[in-house]
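Some labels in a structure rest on a cut-off.

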Amino acid sequence: MDVMLLGTGSADGWPSPFCACRSCRWALVAGEIRGQTAALIDDTLLIDCGPEAPRAALRGGRTLAAVRHILLTHGHFDHVGPAALVMRHWVGRTEPLDVVGPPGALDQCRDWVGPDDPIRFRAVHPGDELILPAPGGDFAVRVVAAEHSDGIVDDAVLYDVTRSGTRFLWATDTGPLPEETHAAVAGAGFDAVFLEETFGSRTEHRADHHDLRSFGRTLAQLRESGAVQAHTDVIAVHLSHFNPPGPELARVLRRYGARAGRDGEVVSLGESTASLAVPPSRTLVLGGVRSGKSVQAETMLADQSQVVYVAAGGPRRGDSDWAQRVQRHRDRRPMEWQTVETSDIAAILRATGVPVLVECLGTWLAARMDRHGCWDGAPVASVERDVDELVEAWRHCDVTAVAVSNEVGSGVVPDTVSGRLFRDLLGIVNTRIAAECDEVVLMVAGTAVPLPGPGAGLRRERPAAP
């Protein structure tokens, strides 16, 4: 089965026509122009037909003359362009055309069809199964529920499509999938999953679309259920300018074992493809106060169903402000993540069998200095041994690990001896951990700036392929 992506953008595409944000400027200069999301499968099945889809097919070197079935996911304007039915009428097509979708989407199309047009409407709901006949092999379609409703639509659906032994999930538009959908696709082992990712770095939005973090969490659930397996090509669609520029987006999606779709791309299902899954990696996220470093670190692990979150300062009894900070972070993270409050990071790194997020090295250092009396002038030799132990455990940890740390070297010089000692020691900790990392990221005003650190990509030599 060949899936041609006629568009991979959101309703206003990417770049948005009236926007001049950093993301839109990048897309325009790079020539990455994404139209409204739709797909043409084996030239005979069209999924969604917004106003841009017919012309997108022509630009991609295809026509819609052989289309026998249109699957509509819902009634928003970028997914239903009923004028296409009039265009078909004008050229005198006499072959039957099935228009399948939820009732709200079909209602928008009925007035665009003449009494003699060979067009059949078929309303579907989650749980329905149907066979769509086509030359070369029928399509078996299962309708599953979407999480997508507002004042305009309340009956959106997604499609699980199989043909000639290959199978894919078309999952746009939707927020985090309903439990009934996870149950319906469990064990599917899809060849491809086209999963919407509209809001990128923006997390304050309705729950009817994914951002990068919720995209990662949905993907983790699909992997846990067996719907997504090692061979599955996971492709992000319905992309908008709320995402970071392409290279930054690609880095995040690559961590998830996913990639961004491109307009005009043809995805050939059933062909052997290399897995996009990445090996365990080490990442250091640096930044100042409220720079977005915690959210960035959590986003990097959002596709993991199990994570040990190390609150590295350890418990602070009697400190109500600290307890509130810890609770806010805990409320923001997935319920499945385990929180451990300890300053013994090395022990966690040596023992854990699941990914680990350490937050943060600054509070860890402060706790170790407190433990050894360094604030009161005690020698720092004991802290230096703790740093050696931490670096050694970090170097040999065999799971994906992300550490957050404060960037304090660019600020005002502390006016106390102990403050200057802390600043200098944290600079050493950051430098040594960075040297053992595959990736180092500096967060500035919520923007991730990758740093070509001395250890980036070089920490471990991968064995050559046989």
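Q: What makes the pair R163 and D42 a salt bridge?
A: A salt bridge is a side-chain nitrogen of Lys or Arg within 4 Å of a carboxyl oxygen of Asp or Glu. In R163 and D42 the closest N and O atoms are 2.6 Å apart, so the pair meets that definition. This is a predicted model, in which local features need pLDDT of at least 70 and side-chain atom pairs count only at pLDDT 80 or more, while totals for chains, interfaces and linings use all residues. Side-chain values use heavy atoms, with hydrogens and water left out, and residues are numbered from 1 along each chain as its sequence is written.

Q: Why can R163 and D42 be said to tie together parts of the chain?
A: R163 lies in strand β9 (residues 157–163), and D42 is in the loop between β2 (38–41) and β3 (45–47), so the pair joins parts that are 121 residues apart in sequence. Helices (H or I, at least four residues) and strands (E, at least two) are DSSP runs, numbered from the N terminus.

Q: Why is R163 called buried, and why is D42 called partly exposed?
A: Buried means under 20% relative accessible area, exposed over 50%, and partly exposed in between (1.4 Å probe, protein chains only). R163 has 7%, so it is buried. D42 has 24%, so it is partly exposed.

Q: What makes R120 and D98 a salt bridge, and what do they tie together?
A: Their closest N and O atoms are 2.8 Å apart, and the pair forms a salt bridge. R120 belongs to strand β6 (residues 119–123) and D98 to strand β5 (residues 97–101), so parts 22 residues apart in sequence are tied together. R120 has 45% relative accessibility and therefore counts as partly exposed. D98, at 12%, therefore counts as buried.

Q: How do you know that R395 and E436 link distant parts of the chain?
A: The two side chains meet in a salt bridge at 3.0 Å, N to O. R395 is in helix α12 (residues 381–396) and E436 is in the loop between α13 (417–434) and β20 (439–444), 41 residues apart. R395 is partly exposed at 29%, whereas E436 is buried at 14%.

Q: How many salt bridges does a search of the whole structure find?
A: The search finds 23. Elsewhere, E129, R142, D160 and R167 are linked in a network of salt bridges.

Q: Which backbone nitrogen does the side chain of E197 reach?
A: It reaches that of L212, at 3.5 Å. E197 itself is in the loop between β11 (192–196) and α6 (212–225).

Q: What makes D48 stand out in its phi, and is D48 buried or exposed?
A: Phi of D48 is near 65 degrees, a positive value in a residue other than glycine. D48 sits in the loop between β3 and α2 (53–59). At 0% relative accessibility, D48 counts as buried.

Notes:
Polar contact = N/O pair within 3.5 Å; in protein donor to acceptor, adjacent residues only side chain to side chain.
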